[in-house]
Amino acid sequence: MAGRVLITGASRGIGAAAARLFAREGWDVAINYNSSREAARRLAAELSGLEVRAVPIRADVSDPEQAEGLVREAEFSLGGLDCVVCNAGIALPQQLLTDTKVEQWRRLMSADLDGMFYVLKAAIPGLVRQKRGAIVTVSSMWGLTGGSCEAAYSAAKAGVIGLTKALAKELGPSNIRVNCVAPGVVATDMNGHLTPQDLAALKEETPLGRIGAPEEAAQAVVFLASDRASFITGQVLNVDGGMVI
């Protein structure tokens, strides 16, 4: 069953790929972006050609007032929400924890974890009133295993998994499912700093022997949001080519 979905961080990467897949399945889509205005507008125009509503909405989800405004605008524009995909996030340069500045730590936590809290706090009452809905969060394989020189990012993404599992228990009685996708190494802007040597080493570590595509992670997001996953909640779906087994 198609519905109405808000995707945070949807102007590029996994978020944009998910927006395209949702639209192809007939969902109306609210496309959240922060700084990539033109990319979001181009994506909205592309999706509108599929005869669905596609609305770009600017908001910095790390700001609680903007996050609440985002949800209210998405609900107004689409006539309500059936699913929220919390995908927005940033990463820091690879560095030791002792080299991580307090300001860097706070900026990452604000974007990757606090922002998810702000968006969901605003969106959950509407889903509860409907007595149905789905939430899909996006974590990382580092949220499961921890990554050397990725302590802040690993901590934030582990927090996403904990939040997902807690909300699955909290919202299950309201017929709201909450699941998480944990991508491995995916060809997005976030991994654009990796050298060919880095990528070759990561491919070597991956049982399937390659880097993932944003569309592959997005397929998992759309599946978990759909009725095809109607008896799945509180789960973390790894999309990592077998790197975490």
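This is a predicted model: local features need pLDDT of at least 70, side-chain atom pairs count only at pLDDT 80 or more; totals for chains, interfaces and linings use all residues.

Asp-28 belongs to strand S2, which covers residues 28-33. Its relative accessibility is 13%, and because buried means under 20%, Asp-28 counts as buried. Arg-53 is also among the residues that Asp-28 contacts once neighbours within four places in sequence are left aside.

A second residue to look at is Lys-165, in helix H6, which spans residues 151-171. With a relative accessible area of 39%, Lys-165 is partly exposed, since that class lies between the 20% limit for buried and the 50% limit for exposed. The side chain of Lys-165 reaches the backbone oxygen of Gly-234 at 3.4 Å. Not counting residues up to four places away in sequence, Lys-165 touches Gly-234 and Val-236. Gly-26 is 139 residues from Lys-165 along the chain, and the C-alpha atoms of the two are separated by 28 Å.

Helix H1, residues 13-24, packs against helix H8, residues 214-225, at an angle of about 55 degrees, and the two axes are 8 Å apart. That angle makes H1 oblique to H8, and their crossing is right-handed. On the H1 side the contact is made by Gly-13, Ile-14, Ala-17, Ala-18, Leu-21 and Phe-22. H8 contributes Pro-214, Glu-215, Ala-217, Ala-218, Gln-219, Val-221, Val-222 and Ala-225. By type, the residues of this contact of H1 with H8 are 11 nonpolar, two polar and one charged.

H1 also meets helix H2, residues 37-48: the axes come within 10 Å and cross at roughly 15 degrees. Because angles under 35 degrees count as roughly parallel, H1 is roughly parallel to H2. H1 passes H2 in a right-handed crossing. Here H1 uses Ala-16, Ala-19, Arg-20 and Ala-23, while H2 supplies Leu-43, Glu-46 and Leu-47. The residues of the contact of H1 with H2 divide into five nonpolar, no polar and two charged.

Terms used:
Residues are numbered from 1 along each chain as its sequence is written. Side-chain values use heavy atoms; hydrogens and water are left out. Axes are lines fitted to C-alpha atoms, for helices over the stretch in contact, and angles run from 0 to 180 degrees between N-to-C directions. Helices (H or I, at least four residues) and strands (E, at least two) are DSSP runs, numbered from the N terminus. Angles under 35 degrees count as roughly parallel, over 145 as roughly antiparallel, 65 to 115 as roughly perpendicular and the rest as oblique. A crossing is left-handed if the near helix is turned anticlockwise from the far one by less than a right angle, and right-handed if clockwise. Contact means heavy atoms within 4.5 Å. Ala, Val, Leu, Ile, Met, Phe, Trp, Tyr, Cys and Pro count as nonpolar, Asp, Glu, Lys and Arg as charged, and the others, Gly among them, as polar. Buried means under 20% relative accessible area, exposed over 50%, partly exposed in between (1.4 Å probe, protein chains only). A polar contact is a pair of N or O atoms within 3.5 Å; within protein, one must be able to donate a hydrogen and the other to accept it, and residues adjacent in sequence count only if both atoms are side-chain atoms.
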